[in-house]
Structure formats: structure tokens, C-alpha cells
Amino acid sequence: MRHYVLASHAYLSKGFTSALELIIGRQQHLKYYCAYVDETEAGQEHFKDVLLHDLDALPPQDEVIVMTDMFGGSVNNELMELIRRKNTHLVTGVNLALVIGILTGDEEEPADQLIPRMVEEARGAMLYCNEMDLEEADPIDDF
């Protein structure tokens with residue numbers, strides 16, 4: 001089984017989850033973690049402790065894809081050790097297109113193939129719209 005984790009500074013991962021549920025419905029195997037929302041010193045590391053505890057509770061053969069908001073940011077830096085964990089993949093710099101692609105991807109496709117393919121597709125979804133020629137642009141589909 002494949003599990004998905006969103007972890008971000010403040011409430012971004014909660015917002016991603018809310019948007020995902022609107023677009024693709026509730027995702028049973030998705031959890032989100034909001035880092036540094038507790039002002040106390042103990043709360044500064046709390047998200048990582050809870051996340052690691054939850055991952056340790058999963059069957060060891062299950063696969064986990066952890067997605068964070070920003071490479072070099074404290075959330076991703078705190079979770080870099082996960083790349084040593086068996087069956088765990090860490091992806092950073094996520095946007096909504098990437099998260100949707102990963103969550104709706106074929107669970108039979110190996111994650112080490114799915115993730116790079118979805119990263120490439122998500123890059124293509126980032127556009128500076130002012131540079132577009134509206135006369136020649138393809139019709140824009142609504143979600």
C-alpha cells in the first residue's frame with residue numbers, strides 16, 4: 001500500500017489538502033503536518049516527532065511519499081533523514097499540480113518512476129501567463 005504525506009511551514013499543507021479534497025475528493029491515505037504553528041519551543045519540533053511516530057506505525061513493507069514545500073527550508077531539512085528509510089520517498093518544492101499527479105498516479109507504477117515523471121509534468125504547469133499569446137493559446141479547461 002502507498003501512503004502520502006504533506007508537510008509544510010505553517011498551514012500550507014492543510015490548504016493543499018483542502019484544495020485536493022475539492023478537486024479529487026477525500027484521500028484516505030493522505031495525512032498532512034503543519035510545522036511551527038505552536039509558538040512554544042517544544043512545539044518547534046513537534047511536527048517531526050508526530051510525523052515520525054505515524055510513519056513508524058505503518059507496516060514496513062508499505063510505501064510512503066512525503067512531499068514538502070521548499071528545498072532548503074527547515075521542514076524539508078528536518079525530514080531529509082527519511083531518504084534513508086526503506087520504501088520512503090521525499091519530494092520537495094511541491095505545487096498543487098504535482099501533488100494531484102502523485103496522488104492520482106498509478107499505484108502499480110514504481111514510485112521512483114512516478115515521482116520524476118510527475119515532477120516534470122508539474123514543471124510544465126508553471127507558466128507566466130502574460131507571455132502567452134491568447135489568440136493562439138489552447139482553450140483553458142476548468143477543474
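Biologist: How many helices and strands does the chain have?
Modeller: Six helices and four strands. Keep in mind that this is a predicted model.

Biologist: And what pattern do they follow along the sequence?
Modeller: Reading along the chain, you get β-α-β-α-α-β-α-β-α-α.

Biologist: What size of box do the C-alpha atoms fill?
Modeller: Roughly 55 × 40 × 25 Å, taken along the principal axes.

Biologist: How much of the chain counts as buried?
Modeller: Of its 143 residues, 36% do. The accessible surface comes to about 9,100 Å², and carbon and sulfur atoms account for 52% of that.

Biologist: OK, helices now. How do α1 and α5 pack?
Modeller: Helix α1 covers residues 12-24 and helix α5 covers residues 96-104. Their axes are 11 Å apart, at an angle of about 60 degrees.

Biologist: Why give me both an angle and a distance?
Modeller: Because two packed helices are described by the angle between their axes and the distance between those axes.

Biologist: Let me pick on S13. Where does S13 lie, and is S13 buried or exposed?
Modeller: S13 lies in helix α1. Its relative accessibility is 1%, so S13 counts as buried.

Biologist: What does S13 touch?
Modeller: Leaving out residues up to four places away in sequence, S13 touches L6, A7, S8, Y32, Y33 and C34.

Biologist: Switching topic: where is E136 found?
Modeller: E136 is in the segment after α6, and α6 itself spans 111-124.

Biologist: Is E136 buried or exposed?
Modeller: E136 has 65% relative accessibility, so this residue counts as exposed.

Biologist: Last one. How far apart are E136 and L22 in space?
Modeller: They are 30 Å apart, C-alpha to C-alpha. In sequence, E136 and L22 are 114 residues apart.

Conventions:
Residues are numbered from 1 along each chain as its sequence is written. This is a predicted model: local features need pLDDT of at least 70, side-chain atom pairs count only at pLDDT 80 or more; totals for chains, interfaces and linings use all residues. Side-chain values use heavy atoms; hydrogens and water are left out. Axes are lines fitted to C-alpha atoms, for helices over the stretch in contact, and angles run from 0 to 180 degrees between N-to-C directions. Helices (H or I, at least four residues) and strands (E, at least two) are DSSP runs, numbered from the N terminus. Buried means under 20% relative accessible area, exposed over 50%, partly exposed in between (1.4 Å probe, protein chains only). Accessible areas come from the Shrake-Rupley method with a 1.4 Å probe; for residues, only the protein chains shown count as cover. Contact means heavy atoms within 4.5 Å.
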